[in-house]
Amino acid sequence: MSGLHCEVLVVGSGAGGAVTAGRLAEAGRDVLVLEEGPWHDPDVHEPFSPAEMVAKYRHHGASAALGAPGIAFAEGRCVGGSTEINSGLYHRLPSELAAEWRRRFGILDFEDALLDAYADEVERLLVVSQLPGPPPESSAVLERGAGKLGWRATEFARVFDYPGGRAVKQTMARTLIPRAVTAGARVWPEARVVRLRRKGRRVVGADVRRRRPDGTVERCRVGAEQVVVCGGAIQTPALLQRSGFRAGVGTGLKFHPTVKVAARFDHPLDHDTVPVHRVTEFAPHLTIGGSASRRGHVALAIADAASDDLADALARWEETFVYYAAIRSEGAGRVRVVPGLADPVVTYRLTEGDMSRLARGLVHLGEVLLAAGATHLYPSISGGPVARTRADLGTWWDAFTRARANLMTVHLTSTLRMGEDPALAAADSHGRVHGTENLTVNDASLLPDAPGVNPQAAIMMLALRNADALLTRI
Ligand SMILES: Cc1cc2nc3c(=O)[nH]c(=O)nc-3n(C[C@H](O)[C@H](O)[C@H](O)COP(=O)(O)OP(=O)(O)OC[C@H]3O[C@@H](n4cnc5c(N)ncnc54)[C@H](O)[C@@H]3O)c2cc1C
């Protein structure tokens, strides 16, 4: 087993890891980033294509939390993490939520002025913009439907730049990873941290499995003065548990559980992009928007529902688009490592209130799509009835049961909550794991609860703030 040493070891290169590595490297620290996934040129794979899922998603996109119902979820596994595969929708952490978290979890340095200053900085590091022209039809549908019902709808900002008119998502592999490398950080792709090595209250390094360019695997040991774990809300607690950290690690998992409807219109829609409009009438507890809708996504969404015209529905996929309703959930989940398994077991329990909010979300989604002119609605209910009129939507209430609901999520948080009280939080206000001297977590795991909005902005803002706090300690 070979060995080497660095000052700061960053595990994972997604929203949290790229920010951390960039900040510390630019402050002159010797940074090594270990990323389990491969390093792909961000321009090579078509966004939301099957090839992208194989290349950049963990388990090629097929992960699920066990429960009744189970909930499918997705995580990125590549340099840049989930920012490489996400939709790039950007929303600051709502100030009233930050205030609630500050009170409930005893989080220090969490006042609006400080958080706003870091959010401003994230927006200077990336390009956060509105669409340069009119919205695509798939997005306009939401605005139109909401307008007819008198509901609020908003165009969300995205982390997109438009050089020469081409839309380019500001992923970490395009932005902060190159910055970190320019400042001297080393980035090793295909290097999985299997376990952290401990000595008393200190972490002294990590055991790593690294795939060499020739495909062989080397095991090595990396020594570090400081370790910052940024593997995301599922993998971070799994790594800490494998390393013997248990208290508050992996409990309290939060999702934005999501239901979907494939909506057919009487004209083709664009399928290249994800809608930027959201229906915010019921926010933050219920949000309605649009999903990636390549042919495969549409086919899967249609196949959920009972349809006597399945072949015709599939043939007309270009007139069909997938929309969603996502909730803030009262329920919670758990990440648990099992000896002998490389991946953790994830579970999630939805409350009766969650189930009823999801059913309501599905019906509101149907209402807005019908108001926008949809002719056929295929709900994400196994064998669920296709709705063509507002009256048909009533049948969804009874059909939406734990046995038949098909749910998914792409927002995963809260498995190592931050706060000063170790009884409520596994890490302190700046991500340092309670009871350790030099182990910090700096990713989605730290959010004390699901934010009700797209989480990347909050994760990056906190990661910058926590990297600065770490710099004052080392
Ligand atoms: C399909 C999809 C769409 C989304 N859309 C949006 C959106 O529009 N807007 C938004 O704000 N958010 C969106 N999100 C969520 C957002 O991308 C994530 O919340 C955010 O990227 C999480 O940041 P993170 O740093 O916690 O983890 P990630 O960005 O997931 O990065 C974690 C990285 O750590 C690596 N890693 C894990 N364990 C190890 C280990 N042991 N050793 C080495 N490396 C390891 C992983 O391979 C991964 O690359 C979306 C997510 C998905 C999946």
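Predicted model: local features only at pLDDT ≥ 70, side-chain atom pairs only at ≥ 80, totals over all residues.
**Exercise 1.** State which residue ranges make up domain 1 and domain 2.

*Solution.* Domain 1 takes in 2-39, 78-126, 170-250 and 413-473. Domain 2 is made of 137-164 and 257-409.

**Exercise 2.** Describe the extent of the contact between domain 1 and domain 2, and the area buried there.

*Solution.* Begin with the residues: 24 from domain 1 are in contact with 21 from domain 2. Next, take the area: about 1800 Å² is buried between domain 1 and domain 2, and carbon and sulfur atoms give 56% of this. Then find the main contributors in domain 1: Leu-89, Tyr-90 and Gln-170 lose the most area to domain 2, together 27% of what that side buries.

**Exercise 3.** Identify the salt bridge between Asp-449 and its partner, and give the distance between the closest N and O atoms.

*Solution.* The partner of Asp-449 is Arg-328, with 3.2 Å between the closest N and O atoms. Polar contacts across the interface of domain 1 and domain 2 come to 10 residue pairs.

**Exercise 4.** Characterise the side of domain 1 that touches domain 2 by secondary structure and by residue class.

*Solution.* Strand 5 (89-90) and helix 7 (232-242) each supply at least two residues of this side. Helix 7 gives the largest share, seven residues. By class, the side has 10 nonpolar, 10 polar and four charged residues.

How values were computed
Residues numbered from 1 in each chain as written. Heavy atoms only, no water. Domains from an automatic or database assignment. Contact = heavy atoms within 4.5 Å. Buried area = accessible area lost by both parts, 1.4 Å probe. Salt bridge = Lys/Arg side-chain N within 4 Å of Asp/Glu carboxyl O. Polar contact = N/O pair within 3.5 Å; in protein donor to acceptor, adjacent residues only side chain to side chain. Helix = DSSP H or I, 4+ residues; strand = E, 2+ residues; numbered from the N terminus. Nonpolar A, V, L, I, M, F, W, Y, C, P; charged D, E, K, R; others polar.
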